[in-house]
Amino acid sequence: MKQSILFLSFLTLFTLTATAQPNERLHILEQMLQEQGFDMAHVQRNERGIEHRWTSTLYQSSERPHLTPGQWDKWTKEEQKAFLWRSDSIRALQQQRTAAAIDLIRSTFSTLAAEASESYMFELHNKECDTIRLSMAWRDSEHPLNTWRGDGGVYYSGGREMVSFYYQRPPELDWASGMYTHVFTEPYPEPMGDIKAFDGQAFQQAVVMPVAKRALKLKGAKKLPVYWRHDESYKENGNEHFLYKVTHYTDYSANKHTGITTGEMYFIPKTLEKEATELLATLDSMTYNYVTEHYDQDYTYRFNPHFYTNNLTHIVSGSNWPDKSPVHKEYMLNASRDEDGYYILFTTTEGEPWVPEGFTKLKSWINGKAIYLKDKKIKEKR
């Protein structure tokens with residue numbers, strides 16, 4: 001079954017991209033950045049066609065790692081010296097790695113500039129700061145290429161393919177950061193009208209439930225509730241912590257900034273890492289097949305999901321916004337892990353999605369009050 005799913009994913013991807021491929025030199029650049037240790041996120045969504053977006057962040061800091069209070073004084077002089085040597089060596093390696101990545105990006109842009117419909121390159125380097133602004137685009141025969149200038153350089157939209165790199169080392173600061181973004185849009189497999197709302201119920205039945213049934217057959221696995229809610233009267237006091245928080249503004253109704261998220265978490269014990277990983281791979285393949293078949297629905301799909309500790313990995317999200325409903329509804333499929341095991345979450349949010357920190361331990365979170373799964377004890381966070 002799993003081999004069939006993977007084969008269908010490959011066949012579908014090949015069919016969709018047989019006549020439209022992203023630039024090969026940019027693809028090689030992205031592979032090389034990954035080989036050098038930089039994360040390269042790949043997201044697909046329907047936007048003027050099937051849009052692919054690759055992003056990677058380059059960040060470096062000259063600050064040494066922070067120590068717990070009093071730790072330095074507890075060390076011997078030899079331990080202090082070893083710590084300084086290690087931290088300085090790590091920083092030097094990070095700087096070398098970032099410099100090599102920038103050179104690779106710069107040379108790729110320089111090579112492709114003559115082929116692009118439009119390109120822009122700007123660099124400023126001195127003792128106080130470094131600034132790099134690179135961007136280029138290839139026109140789409142069916143859409144105009146829009147160009148505009150901003151404080152950060154030249155920006156493009158509407159192109160068949162666009163790529164940019166922005167890097168900044170601000171003066172008098174001990175950090176530098178850069179963002180690489182590559183967008184490629186392939187045409188829909190066939191002519192399409194307006195984008196439809198994401199069918200959360202159909203997706204749940206076709207993808208989530210079959211995998212959930214397999215998960216619940218594992219020893220120690222269980223289904224846990226999701227209920228996170230904040231009402232219009234709720235006022236934060238600054239002590240709350242969220243993994244994920246979105247604020248919506250709409251022209252279709254009053255912006256009350258309320259939200260209720262419901263759904264299920266499927267828990268798999270940490271001893272079953274192999275089984276959890278296989279289930280996630282199957283879920284990923286089935287999700288890709290679903291969005292490929294239902295490319296006319298609003299969705300954002302993220303390739304190559306992993307279980308991240310105490311954080312969420314978005315596999316797919318979709319909303320009802322094309323229906324212009326008075327209540328914004330969003331469906332999300334996520335994965336996570338903590339010290340106890342692995343989690344697969346499928347949730348529906350009406351309003352604004354807020355994900356409280358430590359959500360894997362919660363039975364519910366309502367206006368700052370958390371009820372925990374094990375002790376059912378209410379803990380005030382206000």
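Reader: Which residue of S15 stands opposite Met265?

Author: Met265 stands opposite Leu345 in S15. The model is predicted, with residues numbered from 1 along each chain as its sequence is written, and local features need pLDDT of at least 70. Side-chain atom pairs count only at pLDDT 80 or more, while totals for chains, interfaces and linings use all residues, and side-chain values use heavy atoms, with hydrogens and water left out.

Reader: Which strand is joined to S11 by nine bridges?

Author: That strand is S9 (residues 222–230), which runs antiparallel to S11. Met265 takes part here as well, as the bridge partner of Leu224.

Reader: Why is S11 described as largely enclosed?

Author: A residue is buried if its relative accessible area, found with a 1.4 Å probe on protein chains only, is under 20%; over 50% it is exposed, and in between it is partly exposed. Eight of the eleven residues of S11 (residues 259–269) are buried, so the strand is largely enclosed by the rest of the structure. Over the protein chain of 382 residues, 44% count as buried.

Reader: Why is Thr347 called buried?

Author: Thr347 has a relative accessibility of 3%, so it counts as buried. This residue lies in S15 (residues 341–351). Contact means heavy atoms within 4.5 Å. Leaving aside neighbours within four places in sequence, Thr347 has among its contacts Val226, Thr261, Thr262 and Gly263, and also Glu330, Tyr331 and Met332.

Reader: Why does Gly49 count as buried?

Author: The relative accessible area of Gly49 is 0%, and therefore it is buried. Gly49 is found in the loop between S1 (41–46) and S2 (50–61). With neighbours within four places in sequence left aside, Gly49 is in contact with Thr185, Glu186 and Tyr188. Gly49 and Met192 are 143 residues apart in sequence, yet 9.0 Å apart in space, C-alpha to C-alpha.

Reader: Why are H5 and H6 called roughly antiparallel?

Author: Axes are lines fitted to C-alpha atoms, for helices over the stretch in contact, and angles run from 0 to 180 degrees between N-to-C directions. Helix H5 (residues 200–216) and helix H6 (residues 273–293) pack at about 165°, with axes 10 Å apart. That angle makes H5 roughly antiparallel to H6, because angles over 145 degrees fall in that class, those under 35 are roughly parallel, 65 to 115 roughly perpendicular and the rest oblique.

Reader: What is the handedness of the crossing of H5 and H6?

Author: The crossing of H5 and H6 is right-handed. That word applies if the near helix is turned clockwise from the far one by less than a right angle, and left-handed if anticlockwise. Residues making the contact include Phe203, Val207 and Arg214 of H5 and Leu283, Met286 and Tyr290 of H6.

Reader: Why is Asn310 called partly exposed?

Author: Its relative accessible area is 48%, so Asn310 is partly exposed.

Reader: How many residues lie between S5 and S6 in their hairpin?

Author: Two residues lie between S5 and S6. Five bridges join S5 (residues 146–150) to S6 (residues 153–157), and the strands run antiparallel. Trp148 has Tyr155 in S6 as its bridge partner. S3 and S4 also form a hairpin, with four residues between them.

Note on methods:
Two strands pair if DSSP finds at least two bridges between them.
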